[in-house]
Amino acid sequence: VALRADTVWQTVRVRATERGELQASYAVRQVWTLRDERPTQEWLVVRREADGELRYAFNNAPADTSRLRLAQMEAGRAFVECSIRDAKSELGWDEFQALKYCAWEHQLALTILASWFITETRWEWRQQYPPDVALMAELGVDSLPGLSMANVRELLRATLPLRQLSIAEAQALVCAHLLNRTRSRRSRLKKQYDLLRFHSRDPA
C-alpha cells in the first residue's frame, strides 16, 4: 500500500515534545478488513519515519476523520508505551515472577497504584510550581520539562522513613536531570530551526 502510486503522503505536525516538534510523513487510506468473517471498512494509517521505516496501524474512526486526527491517534500510542516502560524500569514491574495468575494481578494492581500516585504527584507539582518565564528566557527555550517518574523516585528516597538520600542530594539530582532535558530540547529546536531555514532559502 505504501508503494502504490496513488498513495498520498503528507508531512503532519503531530504535537510539541521536549525534543522539539514531532513531525512525520503520513498516508491514510480506507481499506476493507475481515474480522470474525465479516468485512469491515477501516482506516489504514501508514507512518514513514525519517530513516524510511514504515509503521502501519488500523483505525475504526468515522469516515470523515481528518488526516491530522488520525495521525495524532496513531502517535498517541507512544504515551502507552512510555507508561509501560516506566513501570518496568522505575517500578520494578519487569522483575516480578509469579506462579499463579492471581498473584500477577495483585502485582499489576500495586504497579498501577504506584504509577497513579506518581502521576498525581507530578500533576500537583506542575500546578504548585508553574514554569518560570525568566528561566525559560535565560535557557533559550519555550517550555520547561516537568518532573519525570525517575525524579519523583529520587525525591521519595529523600523523604521516606528509611532515607537513602539527603534532601539536598535529591534536589541536586532532580535539578541536574531537568537541566539536561532542557538543554537537549534547546539543541533539538535549534537543529529543527536551522533545517527549516536551509530548506526555505531561495535557490536563486
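**Strands and hairpin**

Reply: Valine 45 stands opposite alanine 57 in E4. Bear in mind that this is a predicted model.

Me: How do strands E3 and E4 pair, and over how many bridges?

Reply: They pair in the antiparallel sense, over 6 bridges. Strand E3 covers residues 38-48 and strand E4 covers residues 54-59.

Me: How many residues lie between them in the hairpin?

Reply: There are 5 residues between E3 and E4. Glycine 52 is in the turn, with a positive phi of about 95 degrees.

Me: Which residues other than glycine have a positive phi?

Reply: Aspartate 36 is one of them, with phi near 55 degrees. Glutamate 37 has a positive phi too, of about 65 degrees. Most residues other than glycine have a negative phi.

Me: Where is aspartate 36? And where is glutamate 37?

Reply: Aspartate 36 lies in the loop between E2 and E3. Glutamate 37 is found in that loop as well.

Me: Is aspartate 36 buried or exposed? What about glutamate 37?

Reply: Aspartate 36 counts as exposed, because its relative accessibility is 75%. Glutamate 37 counts as exposed at 69%. The cut-off for exposed is over 50%.

Me: Back to E3. Is valine 46 buried or exposed?

Reply: Valine 46 lies in strand E3. It is buried, with a relative accessible area of 2%.

Me: What is valine 46 in contact with, leaving aside neighbours within four places in sequence?

Reply: Valine 46 is in contact with Ala2, Trp9, Ser25, Tyr26, Ala27, Leu54, Arg55 and Tyr56.

Me: How far is valine 46 from leucine 113?

Reply: Their C-alpha atoms are separated by 35 Å. Along the chain, valine 46 and leucine 113 are 67 residues apart.

Me: And arginine 48, where is that found?

Reply: Arginine 48 is found in strand E3. At 33% relative accessibility, arginine 48 counts as partly exposed.

Me: Which ring does the charged end of arginine 48 sit over?

Reply: The ring of tryptophan 9, 4.1 Å from its centre. Leaving aside neighbours within four places in sequence, arginine 48 is in contact with Trp9, Ala24, Ser25, Glu53 and Leu54.

Me: What about the charged end of arginine 35?

Reply: The charged end of arginine 35 sits over the ring of phenylalanine 58. The distance to the ring centre is 5.6 Å.

Me: New topic. Which residues of helix H1 are buried?

Reply: Leu70, Ala71, Glu74 and Ala75. Helix H1 itself covers residues 67-75.

Me: Which residues make up the largest nonpolar core?

Reply: There are 11 in all: Val12, Val14, Ala24, Tyr26, Val28, Trp43, Val45, Ala61, Leu70, Ala71 and Ala75. Strand E1, strand E2, E3 and H1 each supply at least two residues of this core.

Me: Which other core is there?

Reply: Another core, of 6 residues, lies apart from the largest one. Its members include Ile118, Met149, Val152 and Leu178.

Me: What does tryptophan 43 touch, not counting residues up to four places away in sequence?

Reply: Tryptophan 43 touches Val28, Arg29, Gln30, Ala57, Phe58, Asn59, Ala61, Pro62, Ala63, Thr65 and Leu70.

Me: On to the rings. How many aromatic pairs does the structure hold?

Reply: It holds 2 aromatic pairs. In one, tyrosine 101 and tryptophan 104 are stacked, at 5.7 Å centre to centre and 25 degrees between the planes.

Me: How are tyrosine 101 and tryptophan 104 placed in helix H3?

Reply: They are 3 residues apart in H3, so about one helical turn separates them. Tyrosine 101 counts as exposed at 57% relative accessibility. Tryptophan 104 counts as partly exposed at 33%.

Me: And why is the pair of tryptophan 125 and tyrosine 129 called tilted?

Reply: Because the planes of their rings are at 50 degrees. Tilted falls between stacked, under 30 degrees, and edge-to-face, over 60. The ring centres of tryptophan 125 and tyrosine 129 are 4.9 Å apart.

Me: How accessible are tryptophan 125 and tyrosine 129?

Reply: Tryptophan 125 counts as partly exposed, at 38% relative accessibility. Tyrosine 129 counts as partly exposed at 45%.

Definitions and conventions. Residues are numbered from 1 along each chain as its sequence is written. This is a predicted model: local features need pLDDT of at least 70, side-chain atom pairs count only at pLDDT 80 or more; totals for chains, interfaces and linings use all residues. Side-chain values use heavy atoms; hydrogens and water are left out. Two strands pair if DSSP finds at least two bridges between them. Helices (H or I, at least four residues) and strands (E, at least two) are DSSP runs, numbered from the N terminus. Buried means under 20% relative accessible area, exposed over 50%, partly exposed in between (1.4 Å probe, protein chains only). A nonpolar core is a set of buried Ala, Val, Leu, Ile, Met, Phe, Trp, Tyr and Cys residues joined through side-chain atoms within 4.5 Å. Contact means heavy atoms within 4.5 Å. Rings of Phe, Tyr and Trp (its six-membered ring) pair if their centres lie within 6.5 Å; planes under 30 degrees apart count as stacked, over 60 as edge-to-face and the rest as tilted. A charge sits over a ring if NZ of Lys or CZ of Arg is within 6 Å of the ring centre and within 35 degrees of the ring normal.
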